[in-house]
Protein chains: 2
Amino acid sequence: VPSGTARQVRVSLDLMGGDAAPGAVVDAALLVAAEQPDVRVVLVGPADVATAALAERSAADRFEVVPASEVVAMSEDPARAVRSKKDSTLRVAARLVRDGACDATVSAGSTGAAMATALFTLGRLPGMSRPAVAVVVPALAGPLVLLDAGATVDVEPALLGQLALAGAAYASVRLGIAAPRVGLLSNGAEPGKGDALRKEAHTLLAALPVDFVGNVEGDDVPMGGRADVVVTDGFTGNVLLKGLEGALRMLSGSLLAAFTATDERKAAAKALTPAFGEVAALLDPDSSGGAVLLGVKGVSVVAHGAASPRAIASAVALAAQAVREDLVGRTATALQELVDRSSAAVEV
Amino acid sequence: VPSGTARQVRVSLDLMGGDAAPGAVVDAALLVAAEQPDVRVVLVGPADVATAALAERSAADRFEVVPASEVVAMSEDPARAVRSKKDSTLRVAARLVRDGACDATVSAGSTGAAMATALFTLGRLPGMSRPAVAVVVPALAGPLVLLDAGATVDVEPALLGQLALAGAAYASVRLGIAAPRVGLLSNGAEPGKGDALRKEAHTLLAALPVDFVGNVEGDDVPMGGRADVVVTDGFTGNVLLKGLEGALRMLSGSLLAAFTATDERKAAAKALTPAFGEVAALLDPDSSGGAVLLGVKGVSVVAHGAASPRAIASAVALAAQAVREDLVGRTATALQELVDRSSAAVEV
């Protein structure tokens, strides 16, 4: 590595992940090669599929290909598929990270399978009982981290404490906030609000070494401003995130219908098209860069199954950023507090 | 009652409920008097406050006033306040319904206090273990009922079954759908998806005499089309509903900023103002008509604390509709199925 340049980051990319694989994945690799000079992509998939997809794009020999013969389908039970398919693209890609041949792994395949693979191949970080999916929400007042977005649906209060620490570490890496404000998602802002899980977690979070701002509500996630990290269980996080996506689609659908109702409106809507474009960019899944799996010993990023080449390239950029800024090390340090306490408590 | 006209509905209205009480409440009563000839409003509150508010509007003697000397504040613990304040506006207004002097009661005060009052004064319907707040969401594909929107946050699977039956009865009254499709809110559409609560409830709902369409997701609530009734616990329902409100505020905020960035855009945005108005009307809390408390022996409707006179008048119209279409009787009939089963099972 020449001095003065950023360290090159090696990313193993699941050739078979996502609805438009392998084509969209190879197109994403070409985007990365063109736009992210400090990232080297390693494609992981069946050799013949890789050769054909690369040849079609006159890109033979542009990327290293590591062979993997099996594919985990979106419809398969994640844990079972990952265990039984030893030569799946997901497992081979994660093994490259575990063995130090790559620095991070990215897939647009099943989030559940990517999670099971990361747990199985990379292992959990000390202090984290279950992994979590962390997403960045482009809230009106500025971006914030929401976690868990769907990894673990049956949750104990202790896990919400772990999420608070891991989420704060992630916000500091991803959003550059030194001391992120952490909020607990609840059904009211007052400290007494919440179900039994939230009430217990509230006490627990207040005792952690994070800037705990107390309960936040559903509208604080799209509006932003009250917390940089919003902690919740994977069930609620998933329902809320999908609800927000749906609300934006609902409103754009209503606006579109209302705007094209008359010729005069059509003309005005045309004049405003660039403005719509700016707002759409805020919400653009292509630039949102995928979700990080927190709590595992390695950088693993999932992109949406319907991800475009641009979106997969953004997920690769996110993975590279996480490597450069040592997300895993910083998360481990944040969780160390919990490890120390539990050692003191139970003399492990 | 002259033949050929609709039956007059008597509604007790909490004079002290809401941020802008008593003024907004009296203004709402005047709107009802002008626009809803078949509804008679009875104001419930301190006599001197009522007299002054009516005199200010040159409306002395326009409404019957039933005196009540105490007010439950938004910040009070609902159950405690309702129990200790025997002469509160909420309790006196509910008592009028219990004793047959009124047909329904409406308040823009604390939802929790209205709920506690309804339970305490009107009592639960047989078959319903906890009451629920039901709201109508103006989804893109057509309106749907979401419940529970925040009444009960710690939930057993059996309650979700009760909500399915009560929600179907409500959708049939409010939306005029003979056999509403009922969906269970979960973190994925497949039957195996969900936390432990949802998995158990899924089996239970499938065995009920409703058109159960299985799991629905967060985006199905704003988008609509998959279910007419969406069943969830009060924690998740509250987080999702507030999230949807926030998403719409977020997008309108972003659009506003983008549209007024240049003079040309300002002109185009002006031309589109009526179209924005149409979309805003879809989402207008003033016309959404409040939320119904389901599972109590009487019609009780809550309006938002920030409700305008127009919104409170809509809540009164909703209460009158629920009375005319016998919402309570129809909900009781729907729940009878559960009562019969449990009688057969435990020989009550």
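Reply: A salt bridge here is a side-chain nitrogen of Lys or Arg within 4 Å of a carboxyl oxygen of Asp or Glu. The model is predicted.

Me: How many salt bridges does the rule find across the interface of chain B and chain A?
Reply: Side chains of opposite charge can pair when their charged atoms come close. One such pair is B:Asp219 with A:Arg249, whose closest N and O atoms are 2.8 Å apart. Across the interface of chain B and chain A, the number of salt bridges found is four.

Me: Which helix of chain B supplies the largest share of the side that touches chain A?
Reply: The rule also finds ten residue pairs in polar contact across the interface of chain B and chain A. On the chain B side, α7 (196-206), α8 (220-223), α9 (234-259), α10 (263-271) and α11 (273-282) each supply at least two residues. The largest share, 19 residues, comes from α9(B).

Me: How many nonpolar residues does the side of chain B that touches chain A have?
Reply: In total, 49 residues of chain B are in contact with 49 residues of chain A. The two chains bury about 4500 Å² between them, with 74% of it on carbon and sulfur atoms. By class, the chain B side has eleven polar residues, ten charged residues and, as the number asked for, 28 nonpolar.

Me: Which residue is the bridge partner of A:Val182 in β8(A)?
Reply: Strands β7 (residues 181-185) and β8 (residues 211-216) of chain A pair in the parallel sense over five bridges. With helix α7 (residues 196-206) of chain A, β7(A) and β8(A) make a right-handed β-α-β unit. In β8(A), the partner of A:Val182 is A:Phe212.

Me: How many residues apart in sequence are the parts that A:Arg10 and A:Asp103 tie together?
Reply: The structure holds 28 salt bridges over all chains. One of them joins A:Arg10 and A:Asp103, with the closest N and O atoms 2.9 Å apart. Because A:Arg10 lies in strand β1 (residues 9-14) of chain A and A:Asp103 in the loop between α4 (89-98) and β4 (104-107) of chain A, the separation of the tied parts in residues is 93.

Me: Which residue does a cis peptide bond join to B:Leu147?
Reply: Most residues other than glycine have a negative phi, and most peptide bonds are trans. In chain A, the bond from A:Leu147 to A:Asp148 is cis, with omega near 0°, and A:Asp148 is in the loop between β6 (144-147) and α6 (157-174) of chain A. In chain B, omega is about 0° for the cis bond that joins B:Leu147 to B:Asp148.

Me: What is phi of B:Ser58 near?
Reply: B:Ser58 is placed in the loop between α2 (47-56) and β3 (64-67) of chain B. B:Ser58 is a residue other than glycine, and its phi is positive, near 50°.

Notes:
Residues are numbered from 1 along each chain as its sequence is written. Chains are lettered from A and ligands numbered from 1 in the order in which they are written. This is a predicted model: local features need pLDDT of at least 70, side-chain atom pairs count only at pLDDT 80 or more; totals for chains, interfaces and linings use all residues. Side-chain values use heavy atoms; hydrogens and water are left out. Contact means heavy atoms within 4.5 Å. Buried area is the accessible area (1.4 Å probe) that two parts lose on being put together, summed over both. A polar contact is a pair of N or O atoms within 3.5 Å; within protein, one must be able to donate a hydrogen and the other to accept it, and residues adjacent in sequence count only if both atoms are side-chain atoms. Helices (H or I, at least four residues) and strands (E, at least two) are DSSP runs, numbered from the N terminus. Ala, Val, Leu, Ile, Met, Phe, Trp, Tyr, Cys and Pro count as nonpolar, Asp, Glu, Lys and Arg as charged, and the others, Gly among them, as polar. Two strands pair if DSSP finds at least two bridges between them. A crossover is right-handed if, with the strands pointing away from the viewer, the path from the first strand over the helix to the second runs clockwise.
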